[in-house]
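These are my notebook entries on a single chain model. I record what I looked up, topic by topic.

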Amino acid sequence: MPLVKCPDCFKRVSSRAPQCPFCGCPAEFFEPLDNIETENDSLREMSIKNTSTEEPNNDIISQVSESPHVEQNIFVPSSEPAKTLSVDTNIKTQVSTEIMFGFPDEQYPNPDKYSFIVIQDPDRESDHHSTGKTHVAFKLAENKYVKVAKADLFYSPILADIQDVLGDNAVEFSLYLTKEAVSLNDITDGADRFAARKIGEYCTYLVNKLVSFKIYGYDFDNFARECGSGIILHNQDAYKRIMQQIGRVDDYADQLSYQRNVERASRSSWEGGGFGLPGAIKGAITASALNAATNAWRSVGDSITDSGDQNDIKSKYSEIVNNDNKADLIMAFYTCLSIAKYTFIDILGKKTGWNTAGVLGEHDRESNAKLKNLEYINDIKEKEKILLEILSDSPLNADVIKYALQNYELYDINFEDLIHFVRRVNQSALNIWLNESLSNSLEAIENKFFQSGADRINEIVDYGTALELINDDYSLSDARYGQEVIFSLIRAEMENYGFSVNNPDLIKMPLDQVERYVSNLFDICGKYRVLEVSANTTQIIFTEIYYSNEKFAAFQKIINKELDQICTVRNYRCKSISEAKVLSEEWQTFDSIYVEYNSYADYFSTEMERVISELEKCSFTSTHLKDLIYGNGGLVERKNRLKERESSEDFKRAKIIIQKMAKSSSSCLYIWGSNNFLSKAKDIRQLDLIRKTEVDPYPLVIYDVSEGKGFKGYIVTDNYFYNFNSMLGIGFGDKAIPLKDVTEITAVGKSWWFKQLTGKTDKIKILGMDAEIIETLTEAYNWIDSSAKKPSTTSIPQLPVNDYTSQSNTTNQVMYCNQCGAKIAADSVFCNQCGATISNSIPVSEEHVSSTIDATPIFKDESSPVSINGHRSSTLDVENKIYCNQCGAEIRRDLPYCNQCGAANSSKLIIR
């Protein structure tokens, strides 16, 4: 077995070794022993020639030499000429492509692997890192360097790629379990099949990744075999625990079934018996019938029991489908993918020779322990030394990177240099930190520089550019996290104007202040190019990329909602805040002259004309206010309608009603022109019955006995009589009677009947002052009052005999009942013989009746005149007259029914 020499540590190793066992140098760099010295001499001569034209950077070399870690022989650059090491072309191309590191003329110093010479990085303006044979040194601050194994740099971008794909697959599996898996089969067989498919896709991706490194010895089957059974979900402990839970429920179900069978098998049954053969036959038949009946009842009970058992078992199975088991399955799936990931890394390390110690986390346990112990160390220099050691040993450890990013100020580390180092070494850890801590870090900067607006904005910009999230022109380098920086800048700039972005509360601001807020917001958003439209609208619309951000989307929703409320003045949506401002100010002036239904301008044309004249003097600029005066349905149009009304018959009747009711007095009565009428008239416009019946009612009389609890009473307008006497205040029983359609009214007991042209009859009960309003409406509309009693009768009338006789002598007409044919007085409402309601009967004189109809007279004394109560009076009648206890009408003792209300004649009739 021939020996070769390692160019890094100069030790002899086997030519078959994949890498140097002492320093980890890949086998591709091994050199034959017999050529080492000659080649070194020639390379040294070439290096001397190179250094004669370009001096090494002695300033940076001296800085590294002065580092407190010099005595550990870690960061000591060498000024000796460097040699150019020949590198396999394929490997060098892979390094340049995969880790985005490695330069066309990369220099390797000699001979100490821990000595470095600083080289120029074309991606950066200053020399902030150096490279050696097996390690690369990164500068984090003055005299603060970390060394990173080239193997870690090789694996870093590869690890970031495969970790991203792993994370995507884990998210898909998590979504399946949380959104789709609802049954027991979904989290067992369904989850296993879903996991197998996603793991297969991931393994295929890793195999293709190996091929990209010219490793062709693995197909899917070979790779899966290399991974072992650990990549199968049902081999994971979490899956096995779920199956054990299912097994326990299965056992419970079997035991329950066995128990039920034993119980049913041990049941007793009826047996036959009797004396002799006939008795035995009869007993058997009886027993059979009883057993049949018993079994029927038992089967009903058994079915109920079985149903309960099945529900119990089903419930126990469904309990297995819980969030804890789903979370365990997600972790198990992640483990399967991780096994495939580390198998890939192991194969890649063996085939390429790159050391896998760092990427497999062999130093992580020790590094994590050191990280925890930093809090117990008080000497800052000692803490710096340990942190640099941790970063050097475990740069791929996400916890180490997160700690450095969170505490860089404590260790006086240059943030820009730290980000450059992290992006080169562990982009995945940086993404994790950005996701968890970026918002808090930005808020910490805002709070730190709260008193100095310009410094705060500059600090946020520097922070965002250092993280490579935004560019100098505020465009996004990182679409996801750059938006957080832009939002922080907008928030800081708005706070410089004294406004808040998190809780704007625009609706609490004066309109002048709102206008300034929106103007400044548009200017700032325009500066950072996040708006989709100009400031000519009252809506904030962010571009699609910013709207997808949670903070921008929430801010847009809140702002637009509040702006919509601000630009809406009394249900009128203005086109701009300026228009809303003008409208709001001019509307106050408008209100000082006219408010709808607050004056008699809405009821009288002369008053409306005066109002219009006053408003015209204000010279309003608002289009909406001009429409209120001159537009469709405006004040001018209303004035014209009032003039038309004042020349109509309705207005004449209205004057009669108002003049007549004005003679009445009650605290519940409100008449047009009286005190408090306007406020009451405005209130009644909101009543549902009125709103449904009339578009623009003209109230004349309002009678309200509700005492502020709803409305109870009546309302008279130009066209309707509204009666409100509903039960429980739900509107049932409230009536709107068209006044012009009423032809006849009748009082029946305590109710009033309104007969209309259509033949419809409405029955209502008026709560008070019914006599006055009925009399007024009857006069105004020429209704026929068929009532035999005066309205609101609370006592039996005491008529003198002389008055009674004189009244009875004035009537000499009779009618005939259309139900029984009996002769009755012309003013009868009900037949006093059969109690039927009188309708469509025509009064005729007795002389005409006697000549046309041979009717049998009802009264014995035919010579007596017909009284107003439907009978002929006599001295006996007057002395023995009685009154109906229902309606108080005067009737004869021998008549079976009252001719006014139809009540039966009884012994309770009052005798006078």
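Which residue in strand 17 is the bridge partner of Trp 752? I found that Trp 752 is bridged to Ile 764 in strand 17. Before going on, I note that the model is predicted, that local features need pLDDT of at least 70 and side-chain atom pairs pLDDT 80 or more, while totals for chains, interfaces and linings use all residues. Residues are numbered from 1 along each chain as its sequence is written, and side-chain values use heavy atoms, with hydrogens and water left out.

**Entry 1: the open sheet**

I took helices (H or I, at least four residues) and strands (E, at least two) as DSSP runs numbered from the N terminus, and counted two strands as paired if DSSP finds at least two bridges between them. I then traced an open, mixed sheet of four strands in the order 17-16-15-18. Strand 17 (761-764) and strand 18 (784-785) are the edges; each has a single partner strand, so one side of each has no neighbour in the sheet.

I followed the pairings in turn. Strand 16 (residues 751-756) and strand 15 are antiparallel, with six bridges, and Ala 747 stands opposite Trp 752. Strand 16 is joined to strand 17 by four bridges, also in the antiparallel sense. Strand 15 (residues 742-748) runs parallel to strand 18, with two bridges; there Glu 744 faces Ile 784.

I also checked the hairpins. Two residues lie between strand 15 and strand 16, where Gly 749 has a positive phi near 65°. Four residues lie between strand 16 and strand 17, where Gly 759 has a positive phi near 95°.

**Entry 2: nonpolar cores**

I defined a nonpolar core as a set of buried Ala, Val, Leu, Ile, Met, Phe, Trp, Tyr and Cys residues joined through side-chain atoms within 4.5 Å. Buried means under 20% relative accessible area, exposed over 50%, and partly exposed in between (1.4 Å probe, protein chains only). The largest core has 127 residues, and Phe 223, Phe 421, Leu 467, Ile 490 and Tyr 517 touch the most other members. A second, separate core holds 31 residues, among them Val 611 and Phe 677.

For contacts I required heavy atoms within 4.5 Å. Leaving aside neighbours within four places in sequence, Tyr 517 is in contact with residues including Met 494, Phe 499 and Phe 555.

I looked up Asn 520, which lies in helix 17 (residues 511-527). Asn 520 is buried at 14% relative accessible area and, not counting residues up to four places away in sequence, touches Met 494, Tyr 497 and Phe 499. Arg 645, in helix 23 (residues 635-646), is buried as well, at 10%. Beyond neighbours within four places in sequence, the contacts of Arg 645 include Tyr 603, Tyr 698 and Asp 718.

**Entry 3: cysteines**

How many disulfides are there? With a disulfide taken as a pair of cysteine sulfur atoms within 2.5 Å, I count zero. Cys 567 has its closest cysteine sulfur in Cys 574 at 6.6 Å, too far for a bond. Cys 567 is buried, at 0% relative accessible area.

**Entry 4: Glu 142**

I placed Glu 142 in the loop between strand 6 (135-141) and strand 7 (144-149). Glu 142 is partly exposed, at 47% relative accessibility. The C-alpha atoms of Glu 142 and Ile 413 are separated by 8.5 Å, although 271 residues apart along the chain.
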